[in-house]
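Please keep the sequence and the structure at hand while reading.

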Amino acid sequence: MDEYLKRTPMRTYYQDKIERFVSIGDPKAIVDFLTESSEENDESLPLQKGAWVNQIRILKKCLKGKEGFIVFEYSILRLNARIDVVLIMDNIIYSLEFKNDQDQFVPEEINQADGYGYALKNFHYESRDKLVAPLLVATRAPSSICSESSNLGIDGLFSLFKANPEKMMDYINAVSEKFGSKTPFTEEDFEKWISSPFKPTPTIIESARYIYSHNRVDEFWMFDAGEENLSKTEKTVYSLIEEAKAKQKKLICFVTGVPGAGKTLVGLDLAGKSRNNDGAENPRAIFFSGNGPLINVLTTQLGRDAMRQNPDKYPKEYRAIQDVKAFIQDLHAFKRDLLSSINYVPDENVLIFDEAQRVWDEGQMETWFQKKKSKVDLNGRSEADLLLDSLKEKPWAVIVALVGLGQDIHVGENGIKTWFLSLLRKHQDWDVAISPEIWNQNADTLSDIKSELLGLPRVKQCEGLHLTTSLRTPRAKNMSLFAEALLSNDPGAAKQALKGFDHYPIYVTRDLEKAKKWVLENRIRKERCGALYSSNGKNIRKAFKPLDNRFVARWFLDETGPDSSNSLTYAASEFDVQGLELDWVLLGWDMDMYRKNGDWHKQRMLSGRFFKESDDIQKKHILNSYRVLLTRARKGIVIYVPKENDFDDLYQLNSCYGPVYEYLKSCGIPDLADNGIPKQIEKAIVLPF
């Protein structure tokens with residue numbers, strides 16, 4: 001065996017400099033080395049060896065005179081996949097998927113090759129600042145069906161090149177000539193690239209699918225070294241659960257964090273690990289949420305998966321969804337069970353409540369049950385009282401309250417203060433665990449009870465209960481700081497936070513068609529885009545159809561069609577998207593939050609022409625609505641601020657829009673028309689070849 005042949009166990013089958021690869025006279029030496037490295041079974045190995053021979057022959061011919069590095073069979077860790085060949089030339093990463101003796105491009109293979117490029121660009125840490133070009137090479141495809149062009153996205157990922165061997169090098173040469181860097185990519189850089197961690201950032205829907213199937217998320221998710229992460233928070237919660245069980249006591253812990261930090265994921269993972277646990281390793285836990293759209297979307301997706309995987313068991317989708325609802329339950333249904341059953345006690349000792357800041361006060365509870373024509377006497381209980389009471393017969397119990405600070409948006413939702421008042425006044429037998437960071441946010445007025453709470457020996461502060469980093473926006477990890485500064489009338493702080501964004505575009509425009517075009521052009525592959533608006537506004541909904549909450553699952557899950565978010569036909573409000581996310585967002589800013597005399601003002605819009613001055617609670621909900629809307633995008637956002645003449649203006653109120661537009665620009669947000677393309681990466685079409 002040639003002493004120069006190298007591999008990295010569990011990462012590559014073969015790797016080398018391109019110059020040395022080309023110089024090896026006998027391809028058999030490389031094939032034998034690949035075979036020795038292979039994890040293929042005996043039956044498929046002869047076919048694979050033939051494919052390698054063909055790939056080596058093509059590449060040795062095409063790469064003569066080229067410099068760089070070549071890798072065969074590069075493993076995409078935790079995605080259970082291997083890329084046939086990776087080339088690193090001129091600081092550009094090329095992923096090559098070969099289809100030997102094939103004369104056409106098959107849709108599933110297009111998705112496979114495209115997905116490899118997407119995974120390298122978005123999950124492979126050492127490729128994050130490099131251009132990535134995926135190629136699908138059908139070795140017998142005629143040139144007439146090969147790609148004529150390729151878009152370079154804002155994130156530095158080319159759209160897929162469909163090639164035959166001749167076109168393959170035409171494409172590589174064209175990309176390298178136009179975008180290649182002469183900065184040396186050293187052997188040390190190459191070794192670092194080979195060993196790079198993969199850091200997937202799945203959506204909450206993708207995470208729920210994995211947890212439901214595997215009962216764990218640990219192997220699916222990796223976090224930046226040194227950052228606060230879900231693992232630390234989960235360990236903290238588990239230790240509190242074990243303490244409550246050992247000491248036979250009742251405890252509530254509040255898990256807080258910035259928008260998109262993974263609070264819901266913590267809850268789903270805790271519930272998922274106990275879902276099929278018949279032993280005593282983990283206490284039984286159940287996940288509840290009062291967020292109807294979130295429950296609808298997650299249970300529909302998991303139900304579709306279950307139906308597809310087991311059609312005999314689930315001939316109808318609704319049957320699969322019903323099974324899923326044993327894992328993810330609707331809080332309102334749980335409340336009805338509590339109040340309609342005599343001495344009802346949950347089977348589980350651990351109840352996980354998502355969006356716990358949305359807990360109802362006494363008045364809203366009374367209103368809700370009156371609407372249901374219920375004769376149940378609530379005895380002046382809030383939703384927090386009811387949930388704490390449900391566990392009073394348990395020898396020990398834990399409530400894990402997942403709290404989005406400053407995200408209570410419904411009438412009757414008064415944030416975590418409702419919980420604290422219940423724990424202070426009515427449920428003194430419960431221990432309380434909170435994070436010190438809970439006092440640093442200004443959305444809920446807690447200062448008047450802080451000293452009383454901290455003075456109690458049953459209240460303790462735990463560092464691990466707060467998530468500081470947004471996982472939803474890995475390229476804009478300080479998005480929450482930016483949104484908070486923007487909404488707090490601090491343009492200087494907003495502009496400073498914006499400087500920390502890394503290839504995360506955010507723009508403002510007064511042209512709706514340009515905004516739509518920008519979002520649609522930047523959406524690639526299976527990414528999702530969508531239009532958002534504040535439910536308190538009335539004008540923006542004239543530009544879109546308001547989303548009916550009965551169809552929110554279609555909006556989030558369907559790839560195409562008028563009901564899909566990707567069509568930009570229907571716009572979703574903060575109620576529809578809280579706890580969920582999109583890749584690209586078009587946010588319509590309405591007059592419910594407007595600028596006057598250098599400050600923000602909030603008003604309840606009864607229609608596009610009539611307004612009502614809001615009370616303090618309504619003003620808080622309007623502010624929180626925009627906090628939710630600004631933090632839904634994973635990849636980028638464009639804010640549409642209407643022009644004065646975009647809508648009827650009988651009372652000349654549309655003048656409110658101009659100051660909003662100017663303020664957003666003062667926060668460092670560029671106009672789409674002035675600077676619609678980030679300076680770091682040019683948007684380009686490689687055309688023709």
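The model is predicted.

Q: Is strand E8 largely enclosed by the rest of the structure or left open, and how many of its residues are buried?
A: In a regular strand the side chains alternate between the two faces of the sheet. In E8, Lys250, Ile252, Phe254 and Thr256 lie on one side and Leu251, Cys253, Val255 and Gly257 on the other, and both faces are covered. Strand E8 (residues 250–257) is therefore largely enclosed by the rest of the structure, the number of its buried residues being 8 of the 8.

Q: Over how many bridges do E8 and strand E12 pair?
A: Strand E12 comprises residues 397–404 and pairs with E8 in the parallel sense. Within this pairing, Thr256 stands opposite Val403 in E12. The number of bridges over which E8 and E12 pair is 8.

Q: Which residue in E15 is the bridge partner of Thr256?
A: E8 is also joined to strand E13 (residues 430–434), with which it runs parallel, by 4 bridges, and there Cys253 has Ala433 as its partner. A further 2 bridges join E8 to strand E15 (residues 466–467), again in the parallel sense. In E15, the bridge partner of Thr256 is His466.

Q: How many residues apart in sequence are the parts that the pair of Phe69 and Phe185 ties together?
A: A search of the whole structure finds 23 aromatic pairs. Phe69 and Phe185 form one that is edge-to-face, with 6.0 Å centre to centre and 65 degrees between the planes. Because Phe69 lies in strand E2 (residues 69–76) and Phe185 in the loop between helix H5 (165–179) and helix H6 (187–194), the parts tied together are apart in sequence by 116 residues.

Q: Is Phe185 buried or exposed, and what is its relative accessible area?
A: A residue counts as buried under 20% relative accessible area. Phe69 is buried, with a value of 5%. Phe185 is likewise buried, and its relative accessible area is 16%.

Q: What is the angle between the planes of Tyr507 and Trp518?
A: The rings of Tyr507 and Trp518 form an edge-to-face pair, 5.6 Å centre to centre, and the angle between their planes is 80 degrees.
The pair links distant parts of the chain, with Tyr507 in strand E16 (residues 506–509) and Trp518 in helix H19 (residues 512–522). Both Tyr507 and Trp518 are buried, and the angle asked for is 80 degrees.

Q: How far from the centre of the ring of Tyr663 is the charged end of Arg595?
A: The charged end of Arg595 sits over the ring of Trp600, 4.8 Å from its centre. The charged end of Arg595 also sits over the ring of Tyr663, at a distance from its centre of 3.8 Å.

Technical notes. Residues numbered from 1 in each chain as written. Predicted model: local features only at pLDDT ≥ 70, side-chain atom pairs only at ≥ 80, totals over all residues. Heavy atoms only, no water. Phe/Tyr/Trp six-rings, centres within 6.5 Å; stacked < 30°, edge-to-face > 60°. Buried < 20%, exposed > 50% of the residue type's maximum accessible area, 1.4 Å probe, protein only. Lys NZ or Arg CZ within 6 Å of the ring centre and 35° of its normal. Pairing = 2+ DSSP bridges.
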